[in-house]
Amino acid sequence: MEKIVTIIDVWGVFVFSISGALNAMSKKLDPFGVFIIAFITSVGGGTLRDVLMGRTVFWMEDHMYIYIISAGTIVSIILRKKITYLMKTLSLFDTLGLAIFTVIGIEVGLKYDLSPSVAIALGAMTGSFGGVIRDISLNEIPLIFQKEIYATASIAGGLIYMLGLEIGLEKPIVELVAIAFIIVVRLIVVKYELQLPSFYDKEEVEKEV
Amino acid sequence: MEKIVTIIDVWGVFVFSISGALNAMSKKLDPFGVFIIAFITSVGGGTLRDVLMGRTVFWMEDHMYIYIISAGTIVSIILRKKITYLMKTLSLFDTLGLAIFTVIGIEVGLKYDLSPSVAIALGAMTGSFGGVIRDISLNEIPLIFQKEIYATASIAGGLIYMLGLEIGLEKPIVELVAIAFIIVVRLIVVKYELQLPSFYDKEEVEKEV
Amino acid sequence: MEKIVTIIDVWGVFVFSISGALNAMSKKLDPFGVFIIAFITSVGGGTLRDVLMGRTVFWMEDHMYIYIISAGTIVSIILRKKITYLMKTLSLFDTLGLAIFTVIGIEVGLKYDLSPSVAIALGAMTGSFGGVIRDISLNEIPLIFQKEIYATASIAGGLIYMLGLEIGLEKPIVELVAIAFIIVVRLIVVKYELQLPSFYDKEEVEKEV
């Protein structure tokens with residue numbers, strides 16, 4: 001079980017570092033900048049979670065993460081030419097990372113005996129705040145504040161996770177169900193371009209534009 | 001006494017979440033984004049204070065805050081149509097939040113036996129950094145770095161607070177005096193459009209424009 | 001030895017606060033904003049380091065820093081007229097700060113028994129993240145992510161430091177060698193306008209422009 005968590009953790013860091021590096025390269029950052037943005041994107045959410053919880057930040061005690069992020073950065077640099085072609089893949093990587101990190105964040109919260117609702121919030125933070133910090137660093141309004149059901153998918157996945165535990169499913173099953181649920185929600189959202197219901201009238205939107 | 005602190009705390013979070021939500025809606029964020037910006041604005045300053053002090057972040061141990069912020073967000077969404085009309089009210093809410101959070105921040109500092117000057121700095125941070133983090137998240141240069149006497153009013157209120165304690169006033173009195181002082185300073189500043197004395201010459205300013 | 005560290009620490013905070021204040025004034029911030037940006041620039045990197053390590057943030061327990069930053073801000077305001085003339089000096093102050101803070105960050109890491117590679121990372125963070133937080137606050141993409149060998153010089157200096165310890169040099173010697181190395185690398189980089197090798201083709205760059 002521990003092993004499964006480690007595997008999905010490594011995978012999550014890897015895919016998020018690729019997502020971050022591709023974003024950074026689309027802004028023409030230098031190699032160091034690309035690495036830092038890959039780093040921020042992949043461990044930023046978990047770092048914020050650990051800082052808020054007063055835990056030792058997870059990547060300071062384990063070299064593995066630096067190596068994985070370096071590997072993700074190098075892979076991204078090699079593949080950068082196909083970047084427009086890869087936008088769909090990038091979105092998929094992002095979805096995988098979101099799903100995996102949500103589950104990791106929830107489990108950290110539960111391990112520290114926090115309430116289910118706080119654990120769900122920590123899951124959403126771990127899953128989506130790396131991207132928020134990345135967007136702020138690249139001088140953009142965070143994408144997830146503006147459109148598409150993103151953190152909302154993570155929160156829904158967290159509810160599924162708690163439900164699964166409640167009805168007595170085993171942990172690895174619950175993990176896989178929650179991860180699959182978040183991925184499916186995101187795929188549907190992207191395919192049908194769903195958004196949270198807007199409460200702005202047409203008038204209001206046009207007035208701004 | 002504890003009760004008074006709780007009441008002003010609830011009120012501060014409520015008014016700041018409205019201030020944040022109105023700001024987010026003026027940028028046409030989606031409902032999730034509006035909630036997050038309300039959250040950042042209302043608890044961001046206190047979160048930074050707690051992280052820097054190495055305390056457990058205050059809203060992680062108390063569900064109340066999430067409910068208050070949700071309420072503030074919903075109220076804001078309902079009232080959004082009157083947003084231009086409400087700009088003055090928004091400014092008033094902001095002033096109330098600033099005054100209340102300054103006092104809370106100071107008292108947290110004193111409770112941990114920090115020196116008066118550090119406590120005043122923590123008060124100013126608690127009162128004004130939620131707005132700073134909000135502005136950075138919305139991709140703007142923080143308003144309070146540019147004009148109007150805002151954090152400066154908070155610092156002046158902190159000095160009044162310490163003076164009040166020094167001359168032996170009771171704590172609830174000192175709290176009310178400091179809060180009233182900050183509110184009055186801000187109202188005067190806004191009414192007469194006061195600013196900190198500028199040290200830029202006309203030439204310098206024009207050169208830029 | 002302690003004394004040397006204190007001296008270079010004071011000097012680093014002073015020069016970085018000047019660097020921050022000059023930056024803030026080029027954006028026409030008000031006096032309070034200038035002070036805050038000077039504060040963020042000079043202690044931001046070390047604050048992030050301490051927060052990630054779970055240490056008490058260094059400037060909360062020592063009044064000295066506030067005084068030094070105030071002094072740096074006042075000096076900057078007095079000298080602001082010569083700001084264009086001073087751009088080269090500003091760059092030199094920045095270089096000094098980078099070198100000094102790198103060494104301080106490394107030594108904090110080693111003191112807490114972290115591995116050499118994590119200590120080097122903490123050194124680079126202490127040296128360069130004040131500027132990153134400053135740029136994000138002023139609504140710019142952090143300069144060091146884009147061009148010039150900056151954090152990379154800090155990391156190279158960290159390797160020199162570890163090498164020096166390894167071959168048995170005394171600590172004050174190692175400190176001076178690492179500081180001198182970083183300064184020389186930066187001076188060469190600025191003089192010859194060196195950059196990290198770009199992996200973007202001409203085409204790619206032009207496409208963007």
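This is a predicted model: local features need pLDDT of at least 70, side-chain atom pairs count only at pLDDT 80 or more; totals for chains, interfaces and linings use all residues.
Chain C is superposed on chain A by a rotation of 120°, with 0.0 Å of shift along the axis and an RMSD of 0.0 Å. That is the relation of a three-fold axis. Within chain C, the residue that comes closest to this rotation axis is C:Asn139, whose C-alpha lies at 3.7 Å.

How do the copies meet? Only 10% of the interface residues of chain C are also interface residues in chain A, so the copies meet through different surfaces.

I turn now to the contact of chain B with chain A. Here 26 residues of chain B are in contact with 31 residues of chain A. The size of an interface is often given as the accessible area lost when the parts come together. Between chain B and chain A the buried area is about 2,400 Å², and carbon and sulfur atoms give 68% of that. On the chain B side, the residues that lose the most area to chain A are B:Lys28, B:Phe32 and B:Met60, together 29% of what that side buries.

Finally, a helix pair inside chain B. Helix H6, residues 151-166, and helix H7, residues 171-192, have axes that come within 9 Å and cross at roughly 155°. Because angles over 145 degrees count as roughly antiparallel, H6(B) is roughly antiparallel to H7(B). Their crossing is right-handed. Among the residues making the contact are B:Ile160, B:Tyr161 and B:Leu165 of H6(B), and B:Phe181, B:Ile182 and B:Val185 of H7(B). By class, this contact has 11 nonpolar, 3 polar and 3 charged residues.

Conventions: Residues are numbered from 1 along each chain as its sequence is written. Chains are lettered from A and ligands numbered from 1 in the order in which they are written. Side-chain values use heavy atoms; hydrogens and water are left out. Copies are superposed by least squares on the C-alpha atoms of residues with pLDDT of at least 70 in both. Contact means heavy atoms within 4.5 Å. Axes are lines fitted to C-alpha atoms, for helices over the stretch in contact, and angles run from 0 to 180 degrees between N-to-C directions. Helices (H or I, at least four residues) and strands (E, at least two) are DSSP runs, numbered from the N terminus. Angles under 35 degrees count as roughly parallel, over 145 as roughly antiparallel, 65 to 115 as roughly perpendicular and the rest as oblique. A crossing is left-handed if the near helix is turned anticlockwise from the far one by less than a right angle, and right-handed if clockwise. Ala, Val, Leu, Ile, Met, Phe, Trp, Tyr, Cys and Pro count as nonpolar, Asp, Glu, Lys and Arg as charged, and the others, Gly among them, as polar. Buried area is the accessible area (1.4 Å probe) that two parts lose on being put together, summed over both.
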